[in-house]
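The following note concerns the aromatic residues of the model shown below and some of their surroundings. Please read the numbered points alongside the coordinates.

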Amino acid sequence: GFMDLAEQTGIRQSMGRVDDCFDCAFVESFFATLKGELLYTRSWPTLRETPSALVHWIQPVYKRRRRLSSIDMLAPVVYEEQHQVQCHAA
């Protein structure tokens with residue numbers, strides 16, 4: 001599974017206790033979505049395919065179409081554009 005792959009590639013996963021103040025629900029939600037919509041939807045014969053697939057999922061799907069409750073149901077790209085406009089106006 002995912003934990004085995006992380007261990008094989010030398011990635012140390014963050015493991016906190018339930019209700020830990022350092023728990024990052026946003027990041028956990030992102031990875032759950034990534035796994036459910038990309039990683040677990042097909043087989044991956046080689047690891048070489050994954051970087052390209054990740055970029056092609058994150059840019060057009062996650063950043064442009066996904067609406068996030070943490071940013072008022074906006075897509076990340078829309079939120080970033082609005083935030084930059086507000087910063088330049090101040």
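1. Rings of Phe, Tyr and Trp (for Trp, the six-membered ring) are taken as a pair if their centres lie within 6.5 Å; planes under 30 degrees apart are called stacked, those over 60 edge-to-face, and the rest tilted. By this rule there are 4 aromatic pairs. One of them joins F30 and F31 in an edge-to-face arrangement, with 5.1 Å from centre to centre and 80 degrees between the planes. Another, between W57 and Y62, is tilted, at 5.5 Å centre to centre and 35 degrees between the planes. Ring pairs connect F30, F31, W57 and Y62 into a cluster.

2. The model is a predicted one: local features require pLDDT of at least 70 and side-chain atom pairs pLDDT 80 or more, whereas totals for chains, interfaces and linings use all residues. Residue numbers start from 1 along each chain as its sequence is written, and side-chain values rest on heavy atoms, with hydrogens and water left out.

3. Which members of the cluster are buried, and which are partly exposed? Buried denotes under 20% relative accessible area, exposed over 50%, and partly exposed the range in between (1.4 Å probe, protein chains only). F30 is buried because its relative accessible area is 16%. W57 is likewise buried, at 5%, and Y62 is buried at 8%. F31, at 38% relative accessibility, counts as partly exposed.

4. F31 is found in helix α2; helices here are DSSP runs of H or I with at least four residues, numbered from the N terminus. F31 also contributes, with F26 and V27, to a nonpolar surface patch of about 260 Å². Such patches consist of residues with over 30% relative accessible area and no salt bridge, nonpolar side chains (Val, Leu, Ile, Met, Phe, Trp, Tyr) being joined within 5 Å. A salt bridge is a side-chain nitrogen of Lys or Arg within 4 Å of a carboxyl oxygen of Asp or Glu.

5. T33 also lies in helix α2 and counts as buried because its relative accessibility is 18%. Leaving aside residues up to four places away in sequence, T33 touches L38, W57 and R66, where contact means heavy atoms within 4.5 Å.

6. W44 sits in the loop between α2 (25-37) and α3 (49-62). Beyond residues up to four places away in sequence, W44 touches L38, L39, E49, T50 and A53. The W44 side chain reaches the backbone oxygen of L39 at 2.9 Å and the backbone oxygen of R42 at 3.5 Å.

Note on methods:
Helices (H or I, at least four residues) and strands (E, at least two) are DSSP runs, numbered from the N terminus. A polar contact is a pair of N or O atoms within 3.5 Å; within protein, one must be able to donate a hydrogen and the other to accept it, and residues adjacent in sequence count only if both atoms are side-chain atoms. Patches are made of residues with over 30% relative accessible area and no salt bridge: like charges are joined within 9 Å, nonpolar side chains (Val, Leu, Ile, Met, Phe, Trp, Tyr) within 5 Å. Accessible areas come from the Shrake-Rupley method with a 1.4 Å probe; for residues, only the protein chains shown count as cover.
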